[in-house]
Amino acid sequence: MLNRLFLLWITLMSHYRQHKTQAVFLLLGLALGVAMFLSTLLISSAAKDSFRQAQRTVGGEIVAEIKPANGQAYFSEDVYRELRSKGIKQIIPVVEGRVATESGFLQLLGMDVVPLLNQYGQPSRQGVSRPDGPADNRFQQFETALNEAVDDVLGEGVDSPLFRFVFPPYIAFASASYARMHGLTQGQQLTVAGVQLPKLAIVSDDLGFGYAVFCDIRCAQSLLGMENQLTSIRLSQLREDDIPIIQAVLQADSDGGLNSVPPGSDSQQALIAESSQTALLERNDRSLRNPAFTDAFLLNLRGIGFLSLLVGCFIAFNAASFSLNQRLKMVQRLRLSGAGVQEITLALLIEVLLWALLASIVGCLLGWLVSSTLLPMIGLTLNQLFYNDNILGLGSISGAWGSAFMIALLATITAMARPLWLMAKVKPLARPEQQQVPPYLLIASGFMLLGLFLWVMPVARSQELGLMIAACWFVGGAFLVPALLRAAFGCSSHFRWLKGFAVLHWTFATARIEQQRTSVAMMAYAIGLAASIAVMTMVVSFETVFVDYLDDALSESLYLRLDKDNFSQVEQHVNQQSAVAMSYRYYQQPINIAGERGTVSGMHNHPLRHRSVSLESTADKVWQDFHQHQGVLINQALALNQQLSPGDTLTLEINHTPVTTRVLGVYYSYGALAPAIVMDQQWLLSLWPSLESYRLGVFLNHQVDADAYTQALVSEFALASTEYLRPQQLKDLAYSIFQQTFYATRVLATTILLIATLGIFCTCYTSYLARSRSNALVRVLGVTRSRMISASLWQLSVSTLLASLIAVPLGLLVSFVSIQLVLRYSFGWYFPLVVDWSGVLMIVFIGLTATLIGSLLPLVMAGSKTTIKELA
Amino acid sequence: MKSISRLSWIYLCNIKKIKCLWKTVCGSFRLQYLARARSATNAISWVVMVTVVWFGDGLIESVAVAAQPSSEVAASPFSRVLPGQPLKFPEDHLLHPDFQSEWWYVTANLQDEQGRDYGVQFTLFAAADLTGGVKQRIFFAHAALSSATDFFFAERYARADMGHAGVQANPWLAFIDNWRMEGGAVAPLPGRIVVEEESFGYQLMTSDADYFLQGDEGFSKKNESGSMASYYYSAPFIEVNGTVTMAGETRTVSGRAWLDREWSTRVIRAEDLGWDWFALRLNDQTALMLYRLRSHGEQHFYSSIMSANGTIEVLGASEVMLEAGQSQSFEGRDYVLDWRIRIPSRNIDIHTRPINDSQFLRTRISYWEGAVKISGSHESVGYMELFGAR
């Protein structure tokens, strides 16, 4: 039995030995699809690992943070000492800030790593291995890196690596990616504003230093001018019992003596600080926000990966269908020789498994290559957009084999099931049946209508719904392509005058005959083109609105985040200067908004301030009502989470006082997922008289040189680099991040188009093989080589243009759905669709050109073959 | 300049070759052997521990320094331990910034109202090194609590310049985070020791007690020649009462504690990495301190008998016989837990046995340290520390 099966299988597979090109195309289609899908899965997995790792920095997993209150940049180090003396453990003091270099800014992260060696109350038993401390492997990795760095950077003769990290002259670390971004080198010692930074050691990305130069806390304090101040205290453990103790310490820091926690405070309430405090305890909202952001981003990534797999399947389907036609006679002979349907089915199943195995191996290697190439871009995206501090690491390739095989098996079955099934059930003596043309128009209409139904259906909008609608329209649109091609080429038979032009008539006639094979390739091409157009349109739309948003939100000339000791002095100075058009105190405080943790900001009545808020819809009366305390403005995230729109009622808790008010408007808040409201500043201060602010926004007159003014202010008040910020720098940074963020997406979208183009090449090649005899006959009848090539090119151009006709509106439709539903319900914000027609035409042109170039080789081959040999 | 001249001297003397050789030998030793054999306690222990943990490769340099002529040693920024330097109180209860290593070491044998035995350890270490031409210091501490069935330990680290660890006077206080050893105005006794951890803790009131100068008026040799030494004094007769908390259960306890104080500057040779140390209360009036330092087959004994009336007698090495009994393995190394100690000239013939065999501290540098019971010619209690290779 096994011998018969083996013989059958060998015989069936011998077809590919004779037609190696088919085998190559089949494998290529499957492997490329698997590779692209696998690479998105690998990146997703790496991103999730990276997120988990980001929560486990050198200081362990961060569950909460103590941060400065009242908009201050830092708070006293006494808080840290007091917390330690009260028994609050697993806390790490942190100082973060930027130092200006000649080429921009360097982010500094300073921590005291010594307490990371602590072990807390461990039981010791025979046979129990030494338990890890709170910092576990992360700290051990750091220590190993430190030992190596000290040898490499400082040379021989260094007594104690840890002492060299903790005490002057210090040593600092930068991850390899961050070093590349800033051109930092091993052992480099930068000079910033006359002050030398410690020698730099470049270390592996996976150590978790993220996008900052990591150094000792005292070193960072000195460089940032923040002696005995902290920007945060990270907690890697927060017991409920600790919260009142921490609150008491924070309160004492403000009052100068210890106070008890207000009675009745539960743990959640205790997290909302009194406004008089200089520091606040906050649970780590990164842990809440990061997965949502990361998942949403990765969902889009996987969407692109899935489309690639689909396109790959189309290519494989094409190749399998072609091989079906050629192997039908062989299968009939085998049936006549006594092979049963079951045996042939089994042999064909083994063939499927073999292809799946081969595709998984090639796909896995290709996928690994693609992932490794794209990883730095994705890493940067996740860092800048989603606050993920850690740069990605792919892990081991061995972990990907299983996924690769499963994807490959699924893809192979999808692509080959129908052709192989038709082959298995073929009757021994029957004439091969003409294959039924699937009802493309019916299928397309079904999917399009289903998408439309989902769109109008009165159900709760969600990211998943958006994806389903996009998928329906994608598939429906793809099936429209063969319907259109069929109709177009079918029409040609009605034009009798065409018969007067023999070559043209032959071109259309063969196109009609070859239509099924071409259709599959064109469906893949349409999907690739539509995906590229959708991605491009979304990016352009976002870019347009993002630039406007940056201009609005960062319209000030200068921001000052000052120490409370010099705030009044600086404020007075600024207000007295004629160069200043307007300055304002910026009030922002954490509050509970409808049971959620959010922030409230104040805004006083000045047109310049109004400009910083871009409302979704504008109404003249909004600002009048706003300053008459008739309501508040809410951000898009809050509007989405609470299903609020202008006119709705909202309940807030401000300074322990419930406030019920009206929503006057919703403002754009790109990148923010936390709920936020803006209310009239006088109203806010009347509700919260103790509220303090040490932040100042400054608008300068147009003719004033902002750089010169800033420098003068910095010199006069000896401001540290953390105390002032030019919004233009922020804008530049935000825009460069934006460009980098979508670079990876664009690359992936272009890759789909290229894969689809490859599919057309495969189709042309198989078409050339199938039509070799008829082509030879046409040549014998006197058609020249150039006319043959021109006819084929014409045929292909018409098909591609028709596919593009569908792909363009399809791409725009999908981008519209993605913006309105997927992005909106993933990120909490949306924006108007902006169509860049020149960009769309450029993509169509690129796709067309790539297709024609790709198909040139088989076409030239078709036109140049020796006719006698082909006719023989 | 001092550093440069010292380094120059090392190069001139071709010490680098010695360092390389040492790096090969000690590097693997330090990583594979020392990293598992951990910290120290009393007298000698801390010196090795501090040296190993904090000075890393400096261990090798310390060997080089030890091999240098006196003029080079004199160039060290840290003070050396020399004979004939009388200890000064109360100043010597505080930190000695000119020395490299130092510790305050308290062990206690306690009983609750039901007669159950407990052992308590509290140790604050200070380790210094020269970086950037400045002496810098890090504190670290070990706390442990044992009963016949349970053993808990914890470890804390803090740098001196962050202000959450230190030693100060008026009132006298040695602290790291919320672990505190409080004393009187200028001395650690009488006072209070407080350790609070999630799984265990203790609050002990300590009485005033006499201090005994070990070795030659506080100059304690660590080898025969005295080139390795420390300043060392003890207070073995401290009365203690208070509470211990173990796994959520708090018990009232009382008993005796023993304080050891020592400070020095890199006196230990790198290979001196094994010792057995005993602090035994033979009865209410007599305490026996004994340690045996092992290195390359060479052993250095020191023992003294202290009386409650304030007298101390240093015993000759030939007077003491130490016999190893049953051993137990922890982290791949054997520790002898049962001992027989014989001092015929004093009619002492005792067996020591841990109240709990598991008193092994899996700290950054691990070691066995715990309460023991004494039987034989004397029926009493004490503390034992075992470190390093046998």
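Helices and strands are DSSP runs, with at least four residues of H or I for a helix and at least two of E for a strand, numbered from the N terminus. In this predicted model, A:Q90 lies in the loop of chain A between α3 (78-85) and β5 (91-101). Its phi is near 55 degrees, a positive value in a residue other than glycine. Most residues other than glycine have a negative phi, and most peptide bonds are trans. A residue is buried if 20 or more other C-beta atoms lie within 10 Å of its own, and exposed if 12 or fewer do. A:Q90 counts as buried because it has 22 C-beta neighbours inside 10 Å.

B:N170 also has a positive phi, of about 55 degrees, although it is not a glycine. B:N170 lies in the loop between β5 and β6 of chain B. With 8 other C-beta atoms within 10 Å, B:N170 is exposed. The peptide bond from B:N170 to B:P171 is cis, with omega near -5 degrees. B:P171 is placed in the loop between β5 (165-168) and β6 (173-176) of chain B.

Chain A has a cis peptide bond from A:P168 to A:P169, where omega is near 5 degrees. A:P169 is in the loop between α5 (161-166) and β8 (171-175) of chain A.

The helix to look at is α13 of chain A, residues 440-456. This helix has 17 residues and reaches 24 Å from its first C-alpha to its last, close to the 24 Å expected at 1.5 Å a residue. The buried residues of α13(A) are A:Y440, A:A444, A:F447 and A:G451. Seen down the axis of α13(A), these buried residues fall within an arc of 70 degrees, so they line one face of the helix. An α-helix has 3.6 residues a turn, so residues three or four places apart point the same way. On the other side of α13(A), the exposed residues are A:L442, A:L449, A:F453 and A:V456.

What covers the buried face? The cover of the buried residues of α13(A) includes α14 (463-491) of chain A. The axes of α13(A) and α14(A) come within 7 Å and cross at roughly 155 degrees. Angles over 145 degrees count as roughly antiparallel, and therefore α13(A) is roughly antiparallel to α14(A). The crossing of the pair α13(A) and α14(A) is left-handed. Residues of α13(A) that meet α14(A) include A:Y440, A:A444, A:F447 and A:G451. Among their counterparts in α14(A) are A:M468, A:C472, A:W473, A:G476, A:F479 and A:R486.

Conventions:
Residues are numbered from 1 along each chain as its sequence is written. Chains are lettered from A and ligands numbered from 1 in the order in which they are written. This is a predicted model: local features need pLDDT of at least 70, side-chain atom pairs count only at pLDDT 80 or more; totals for chains, interfaces and linings use all residues. The expected span of a helix is 1.5 Å times one less than its number of residues. The arc is that of the directions from the helix axis to the C-beta atoms. Two residues are in contact if their C-beta atoms, placed from the backbone, lie within 7 Å. Axes are lines fitted to C-alpha atoms, for helices over the stretch in contact, and angles run from 0 to 180 degrees between N-to-C directions. Angles under 35 degrees count as roughly parallel, over 145 as roughly antiparallel, 65 to 115 as roughly perpendicular and the rest as oblique. A crossing is left-handed if the near helix is turned anticlockwise from the far one by less than a right angle, and right-handed if clockwise.
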